[in-house]
Amino acid sequence: MLIFLIILTALLTGADQLIKFWAVNELSGTGVSRPFISFGSREIINLTYTENTGAAFSMMSGKAWFTIGFTTVALILFAVYMIKNYRQSKSLMTVTAIVAAGGLGNLIDRIRLGYVVDYIEVRLFRFAIFNFADICVTVGMVLLLIFLFIVESRKKTTENTNG
């Protein structure tokens, strides 16, 4: 299971970096937003290059030391947790690896470039421009919360009822 988690983290991080490489080469410097998903003339999602020097929604913009430090500490904690608990729930470990991959993908950008490459713009409604790593972190955290609050609480209720 531990090898699976390492491979999953590496694959997702690699996918993130490849997509960002493409975005830098194809979208940066053009100042153009490319339609990606649309219904008729209604643009839903566009590909728009931007550089984010902060965290989510550009909070902490320009505070690279904080975003790098916070992400590094979080990744170390996730790695220690996965190494110590990889024999536990496969679902929990998989979700943890997905979150770690997203954090690692953005950390690589922050260290290598000084900013995070973002390129997915939801045009259906006003929203931040984000990237694949952000999707990994967000989806992973939602699944982690669902797992912890629903699955684990049901497990405890069943154990208390049976025990």
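This is a predicted model: local features need pLDDT of at least 70, side-chain atom pairs count only at pLDDT 80 or more; totals for chains, interfaces and linings use all residues.
Local features need pLDDT of at least 70, side-chain atom pairs count only at pLDDT 80 or more, and totals for chains, interfaces and linings use all residues. Residues are numbered from 1 along each chain as its sequence is written, and side-chain values use heavy atoms, with hydrogens and water left out.

The protein chain has four helices and four strands, taken as DSSP runs numbered from the N terminus (helices H or I, at least four residues; strands E, at least two). Along the sequence they follow the pattern α-β-β-α-α-β-β-α. Of the 163 residues, 33% are buried (under 20% relative accessible area with a 1.4 Å probe, protein chains only; exposed is over 50%, partly exposed in between).

The four strands form an open antiparallel sheet in the order 1-2-3-4, where pairing requires at least two DSSP bridges between two strands. Strand 1 (34-39) and strand 4 (129-130) each have a single partner strand, so one side of each lacks a neighbour in the sheet. Strand 2 (residues 42-52) and strand 3 (residues 116-122) are joined by six bridges, and T50 stands opposite D118 in strand 3.

Helix 4 (residues 132-162) holds L143, which is partly exposed at a relative accessible area of 38%. L143 belongs to a nonpolar surface patch that also includes I135, F149 and V151. Together the patch residues have about 810 Å² of accessible area, by the Shrake-Rupley method with a 1.4 Å probe, where for residues only the protein chains shown count as cover.

Definitions and conventions. Patches are made of residues with over 30% relative accessible area and no salt bridge: like charges are joined within 9 Å, nonpolar side chains (Val, Leu, Ile, Met, Phe, Trp, Tyr) within 5 Å. A salt bridge is a side-chain nitrogen of Lys or Arg within 4 Å of a carboxyl oxygen of Asp or Glu.
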